[in-house]
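Hi,

Here is the structure I promised to send over. Have a look at it first, and then read on for what turned up.

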Amino acid sequence: MFTSINPATGEAGETFQELDADGVELALCRAQTCFQSWRTASLDQRTQLLGAIADQWEANKQHLAEMAVKEMGKTITSAIAEVEKCISGFRHYAEHGPSYLAPTEVETPGGHAVARWLPMGPVLAVMPWNFPYWQVVRFLAPTIMAGNVALLKHASSVQGCAALMQQLASAAGAPDGLFQNLAIKSDKVSDIIADKRVVAVTLTGSEGAGAKVAQAAGRALKKVVLELGGSDPLIVMPSADLDLAAKTAVTARVQNAGQSCICAKRIIVHAEVYDAFLEKFSAGMKAVKIGDPMDADTGMGPLSSDAQRETVLEQVERAKSAGAELLFGAEKIEREGAWMTPGVLVGLDPESDVAKEEIFGPVAAVYRVDDIDAAIALANDVPYGLGSAVWTQDEAEIERFARDIESGMTAVNALLASTPEAPFGGVKLSGHGRELGPWGMHEFMNLKAVMYGAGKAGD
């Protein structure tokens, strides 16, 4: 049994029945049966279904958003924005999916070959709670367009969101078995990956969860895509627009209460502008309005759970023990729910254990560096490499950062955000493989060469 807990109040909400072994078996049978027909569905059928799902989400936007607020505490404003992003994701693949699947013809000695993208089968997605819709849609939309079918193992705390997504897909006309929510616990995932009917798995989550899923996929020789944690640097150089950089850094640090893999977590500032930037950034962090997440004027709601808040507060204490100074904030708010204040740390030893970790909450560590070489070295001095952001007007510096920062993505003078058009993913312990754009769709497709004409003997 799963029970939703409202992190703003600590109150228990709706309960959801856990799927038993018979239920899992039935779901896998449905997925396999659906794939046999959906794999041959025309591109028009696939695009029409994606459009119909987008229409259902549009009609239920407020309901979807309120469910996310109740289950994981994000503000209603950010929840609506997440739903709208999902709608754009469905529509993106409806519009561009056919071109992503277009075959490519190449000349070969004595003939030619056609490279075709073909579906593989049922794909399992293991997804987290922090963006309960978008994390799923960036897997689901390309899966449907590819001709595959989707199995979702969502976080136990957002089962209401998961069930609602399946309901809307069905209401849009999705065939039985095309998209199924598996209300199961994590200890059942390895067995599902091992099942011969499941062809691949994608996970967004922690480093530990990624290692377990990768091990299970490796044993079964199945494709896996991992989007894991990040400790993203945001670098500010002397030519930066300090007002905009500071404002964006605040947004990056407190959006979703700091619970985003690509939130800027380490702010690295050139010594020439360090004091001025820190003053602006600190003022912005102090001004964040904390309150009822259902209030459209609220800037930050609670964290997702008491446990998540305690983890962040414990990291702050270890940072202080490692020599960091807590300028302000990062304090528990004494009220029901998982509330805390945004905070700023300075002087943290980059070699300390906590400096190498991901702080998944509204606390920033700000560092001073003397030049671009030091900025890049510090940016890379963590085991993660998901995203990064750089603030500079110098084209040579932009090129250096783009080339030398070890990350899957770099935003230039902007807030780093995922978008359906661009590849999303990381390097090092942030995972491997890519989501979104044609790249995400192709991760779980068979690139098949169809050869015409004579080949050379022995090839």
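The largest cavity has 14 residues in its lining, and those nearest the centre are Phe139, Pro142, Thr143, Gly440 and Phe444. Two elements, α5 (134-146) and α14 (437-443), each give two or more residues to that lining. The top contributor is α5, with five residues. If you sort the lining by class, you get six nonpolar, four polar and four charged residues. The space inside comes to about 100 Å³, and the structure holds five cavities of 30 Å³ or more. Do keep in mind that this is a predicted model.

Now for the sheet. Seven strands form an open sheet with mixed pairing, in the order β12-β13-β14-β11-β10-β16-β17. The edges are taken by β12 (325-328) and β17 (411-412); each has a single partner strand, so one side of each is left without a neighbour in the sheet.

Within the sheet, take a look at β11 and β14. Residues 264-270 (β11) and residues 363-369 (β14) pair in the parallel sense, over five bridges. What does arginine 266 stand opposite in β14? That would be alanine 365.

Tell me what you think once you've had a look.

Cheers

Terms used. Residues numbered from 1 in each chain as written. Predicted model: local features only at pLDDT ≥ 70, side-chain atom pairs only at ≥ 80, totals over all residues. Heavy atoms only, no water. 1 Å grid on protein atoms, 1.4 Å probe; cavity = no way out; pocket = protein on both sides within 12 Å on 5 of 7 lines; lining within 4 Å. Points joined across faces, edges and corners; volume = space filled by probe spheres on them. Helix = DSSP H or I, 4+ residues; strand = E, 2+ residues; numbered from the N terminus. Nonpolar A, V, L, I, M, F, W, Y, C, P; charged D, E, K, R; others polar. Pairing = 2+ DSSP bridges.
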